[in-house]
Amino acid sequence: MPVRLAEAAILKLRKMYRALHAEVSRCIVRVPDLARTEFDMKGHGMSTLTLVHVVLSLIGIFSGVVVVFGLLSSKRLDGWTALFLITTVLTSVTGFLFPIHHLTPGLVVGVISLVMLAVAILARYALHLAGAWRKTYVVTAVIALYLNVFVLIAQAFMKVPALKAMAPTQSEPPFLVTQLVAMALFIVLAIFAAIKFRNDSAVAA
């Protein structure tokens, strides 16, 4: 009797194992299809995200150039400034929405940009450019614009075939010289903008 009970229990366990094995096999077959579908959806989503990110970046750069030239002529350009700050913040924020697998230079630039923008917004709207905050605003705003241009140059050398051929690893002289020239230009712009921009005599536009 005990032997028969043991045999019956073993048979039941075998049936349960086979049923479980069959169910697991069906699930494994479905996983690639599900993963492929999810990948396709993400692929389309990332395409839209990339477009939004690029458009925001270009608007931020264009409006930032207008703002910097305004600073050089001691004009506050309130509307352009708001557009520049908002789009540049959104550029950095949307950059963090892409899949992140490890720390990249782009992420570091995004964090630094957000810090600069936070200080610029604080100086401009909360502290009203009082005292030393005037120069702080100018410098941080110019740095935020420079970081956008820095990324634009890197992307251009990565995506444009003619530029990529000149610097395939972005360690070649054409890429490095371009970035150094851009950095030098923005250092000069920051210095002159800090000297020229006067909050008490600035013209709102």
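A salt bridge is a side-chain nitrogen of Lys or Arg within 4 Å of a carboxyl oxygen of Asp or Glu. In this predicted model, the side chains of Asp 78 and Arg 76 meet that description, with an N to O separation of 3.6 Å.

**Salt bridges**

Searching the whole structure gives two salt bridges. Besides the pair of Asp 78 and Arg 76, the side chains of Arg 124 and Asp 78 form a salt bridge, at 2.3 Å from N to O. This pair connects distant parts of the chain: Arg 124 belongs to helix α3 (residues 105-126) and Asp 78 to helix α2 (residues 78-95), and the two are 46 residues apart.

| Residue | Relative accessibility | Class |
|---|---|---|
| Arg 76 | 27% | partly exposed |
| Asp 78 | 29% | partly exposed |
| Arg 124 | 7% | buried |

Arg 124 counts as buried because its relative accessibility is 7%, and buried means under 20%.

**Overall architecture**

The protein has six helices and zero strands, and from the N terminus on its elements run α-α-α-α-α-α. Of its 205 residues, 29% count as buried. Among contacts between residues at least 6 apart in sequence, 69% join residues at least 24 apart.

**Confidence of the prediction**

The mean pLDDT of the protein is 82, and 74% of the residues reach 70 or more. Over residues 23-45, however, the pLDDT is below 50, and beyond near neighbours in sequence this stretch has one contact in the model. Where pLDDT is low, the predicted coordinates should not be read in detail.

**The largest pocket**

The largest pocket holds about 1100 Å³ of space. Its lining comprises 34 residues, and those nearest the centre of the pocket are His 53, Phe 98, Gly 106, Val 151 and Gln 155. Which helices each supply at least two residues of the lining? They are α1 (2-72), α2, α3 and α4 (133-159). Helix α4 gives the most to the lining, with 10 residues. By class, the lining of the largest pocket has 18 nonpolar, 15 polar and one charged residues.

**Two individual residues**

Ile 59 lies in helix α1. At 37% relative accessibility, Ile 59 is partly exposed. Not counting residues up to four places away in sequence, Ile 59 touches Leu 83 and Thr 87. The C-alpha atoms of Ile 59 and Thr 91 are separated by 9.5 Å, although these residues stand 32 residues apart along the chain.

Phe 197 is placed in the segment after α6 (173-196). Is Phe 197 buried or exposed? Phe 197 is buried, with a relative accessible area of 0%. Along the chain, Phe 197 and Val 68 are 129 residues apart, while their C-alpha atoms are separated by 9.8 Å.

Technical notes: Residues are numbered from 1 along each chain as its sequence is written. This is a predicted model: local features need pLDDT of at least 70, side-chain atom pairs count only at pLDDT 80 or more; totals for chains, interfaces and linings use all residues. Side-chain values use heavy atoms; hydrogens and water are left out. Buried means under 20% relative accessible area, exposed over 50%, partly exposed in between (1.4 Å probe, protein chains only). Helices (H or I, at least four residues) and strands (E, at least two) are DSSP runs, numbered from the N terminus. pLDDT is the predictor's confidence in each residue, from 0 to 100. Contact means heavy atoms within 4.5 Å. On a 1 Å grid over the protein atoms alone, a cavity is a set of points where a 1.4 Å probe fits but cannot get out, and a pocket is an open set with protein on both sides within 12 Å along at least five of seven lines; lining residues have an atom within 4 Å of a point. Grid points are joined across faces, edges and corners, and a volume is the space filled by probe spheres set on the points. Ala, Val, Leu, Ile, Met, Phe, Trp, Tyr, Cys and Pro count as nonpolar, Asp, Glu, Lys and Arg as charged, and the others, Gly among them, as polar.
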